[in-house]
Amino acid sequence: MYPKIDFHVHYLTDCYKAFLRRNYGVEPEGFPTPAWNLENQIKMMEDNGIRYGMLGISSPYFCCGDEAEEITAVRENNRQIAMLLKGYESRLGYLAALPTGAESAALKEIERAMNEGALGFSLSTHANGAYLGNPIFDPLMEELNRRKSIVHIHPTCPSAVPEDACAGFPIPAMEFFFDTTRAFVNMCLMHVFERWPDIQFIFSHGGALVPLLSDRLDVFFKRREEELDIHASLGHAYYDLAGYIEPKQLSVLLMEVPEDHLLYGSDYPHTGQKHVAQNRKSLEETEKLTDRQKQKIFWKNGKRLLSHVDALNE
């Protein structure tokens, strides 16, 4: 079993669970909120050879349309996870949330969260309908770029979903991939990767549909007056391999993304322990990757990205 660093794994503080219940009920986006605690987290890691995990926030994030509630909930969530992980620094780090709809509060929270020990930040593909790349996020991106921050982008329910198609089907099944793709393309159109090259963006689930659509997108990008290069943008970002990346998606991803920018992800606890183990085994045993590539994806790429983390350099 390969040693691993997990870049797509989630925490649920009491604050976050309460926020979800108030604003989304017991099944946000048609998917029940899973149970999570540190004991089960560590067991999952041990069962799958995961030596270090970067815990982050999943969907639907801290978006409810009430700016004051979002600011308060984010601050308390970040405080709780910082306290909860005291004594676990050798095994776990965390990505703080940000109140992305409130510029001044978000900038203050970056400073406060990093002082408390955050290793980076989780962002959603959009905040109350404003997608990443929207100019309202420019001050936030400027500060994240200045700090050379790690920013993990997680999908959420799109700002609008047809009501008469696929009714009752869980949002994560398809819409998450559509929303990641939409956010990535919007970021390209708004030159996010060129304007803020020092942000270490990590996109979920192998970049969703972007690698598959890249040739088609390239044709339309080249019709625009300004210079856009979808392939360069794809090569700039990092991608976790959480979810059902095998047996099909990995092949397309390897055609488009440098192997140095691929990272392991379990998606626990939203992916249960049984499927975490199955997905991990599929990646460990796939013939699409050499042993050298597997070592890079499971460990070396992540260690390089987290070179400032003492626990990985001992």
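In the predicted model, Thr33 is in contact with Leu12, Leu20, Val26 and Pro28, leaving aside its neighbours within four places in sequence. Thr33 is located in the loop that runs between α1 (14-24) and α2. The relative accessibility of Thr33 is 29%, and the residue therefore counts as partly exposed, since that class lies between the limits of 20% for buried and 50% for exposed. Leu84 is 51 residues apart from Thr33 along the chain, and the C-alpha atoms of the two are separated by 19 Å.

Helix α2, which spans residues 38-47, was examined together with helix α11, which spans residues 273-285. The axes of the two helices come within 10 Å and cross at roughly 25°. The crossing in which α2 passes α11 is right-handed. On the side of α2, the contact is made by Asn40, Met44 and Asp47, and on the side of α11 by Gln273, Val276 and Arg280. By residue class, the contact of α2 with α11 comprises two nonpolar, two polar and two charged residues.

Glu109 belongs to helix α4, which covers residues 103-116. With a relative accessibility of 3%, Glu109 counts as buried, because the class takes in values under 20%. When residues up to four places away in sequence are not counted, Glu109 touches Val74, Arg75 and Asn78, and also Ala97, Leu98 and Pro99.

The structure holds eleven aromatic pairs. A pair of aromatic rings is described by the distance of the centres and the angle of the planes. One of the pairs is formed by Tyr61 and Phe62, with 6.0 Å centre to centre and 70° between the planes. This pair is edge-to-face, because planes over 60 degrees apart fall in that class. Tyr61 and Phe62 are both buried. Elsewhere in the chain, one aromatic cluster is formed by Phe184, Phe193, Phe201, Phe203 and Tyr239.

Key:
Residues numbered from 1 in each chain as written. Predicted model: local features only at pLDDT ≥ 70, side-chain atom pairs only at ≥ 80, totals over all residues. Heavy atoms only, no water. Axes fitted to C-alpha atoms, helices over the stretch in contact; angles between N-to-C directions. Helix = DSSP H or I, 4+ residues; strand = E, 2+ residues; numbered from the N terminus. Left-handed = near helix turned anticlockwise from the far one by under 90°. Contact = heavy atoms within 4.5 Å. Nonpolar A, V, L, I, M, F, W, Y, C, P; charged D, E, K, R; others polar. Phe/Tyr/Trp six-rings, centres within 6.5 Å; stacked < 30°, edge-to-face > 60°. Buried < 20%, exposed > 50% of the residue type's maximum accessible area, 1.4 Å probe, protein only.
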